[in-house]
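Work through the following exercises with the sequence and the structure side by side, trying each task before reading its solution.

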Amino acid sequence: MQTVQSLERLRDIAQDAGYTVRHEWLGGVAGGACEFAGRKWIFVDLSLSVVEQLEQLADALREDPIAAQAFTNRSRLKVAA
């Protein structure tokens, strides 16, 4: 799978898990998951390479059990299709 496609797939999983994903120019000094105002957010730093953005998104989702379930559900749907 291409890196950009992987990034898009993880973004979709994050959204399925209840995150709002924002792509912002953060100058390589920030990014990741946070929660405020009762909403879950992931900020992806556009100043990073696509591979680094993918790693940033994966790291943000890695510890979230809801994201793991969303990943499992999407994998099942893909196999069934």
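**Exercise 1.** Locate Ala37 in this predicted model, and decide whether Ala37 is buried or exposed.

*Solution.* Begin with the strands: Ala37 sits in the loop that lies between strand 2 (32–36) and strand 3 (39–45). Next, take the relative accessible area of Ala37, which is 73%; because the cut-off for an exposed residue is over 50%, Ala37 counts as exposed. Finally, look at the backbone, where Ala37 has a positive phi of about 55° although it is not a glycine. Most residues other than glycine have a negative phi.

**Exercise 2.** Find out on how many faces of helix 2 the buried residues lie.

*Solution.* First consider the extent of the helix: helix 2 has 13 residues and spans 18 Å from its first C-alpha to its last, which is close to the 18 Å expected at 1.5 Å a residue. Then list the buried residues of helix 2, which are Gln53, Leu54, Gln56, Leu57, Ala60 and Leu61. Viewed down the axis of helix 2, these buried residues fall within an arc of 160°, so they line one face of the helix.

**Exercise 3.** Describe the surroundings of Asp64, and state which side chain it joins in a polar contact.

*Solution.* Asp64 is placed in the loop between helix 2 (50–62) and helix 3 (65–80). Its relative accessible area is 10%, and since a buried residue is one under 20%, Asp64 is buried. Leaving aside neighbours within four places in sequence, Asp64 is in contact with Tyr19 and Lys40. With Lys40, the side chain of Asp64 forms a polar contact of 3.5 Å.

Terms used:
Residues are numbered from 1 along each chain as its sequence is written. This is a predicted model: local features need pLDDT of at least 70, side-chain atom pairs count only at pLDDT 80 or more; totals for chains, interfaces and linings use all residues. Side-chain values use heavy atoms; hydrogens and water are left out. Helices (H or I, at least four residues) and strands (E, at least two) are DSSP runs, numbered from the N terminus. Buried means under 20% relative accessible area, exposed over 50%, partly exposed in between (1.4 Å probe, protein chains only). A polar contact is a pair of N or O atoms within 3.5 Å; within protein, one must be able to donate a hydrogen and the other to accept it, and residues adjacent in sequence count only if both atoms are side-chain atoms. Contact means heavy atoms within 4.5 Å. The expected span of a helix is 1.5 Å times one less than its number of residues. The arc is that of the directions from the helix axis to the C-beta atoms.
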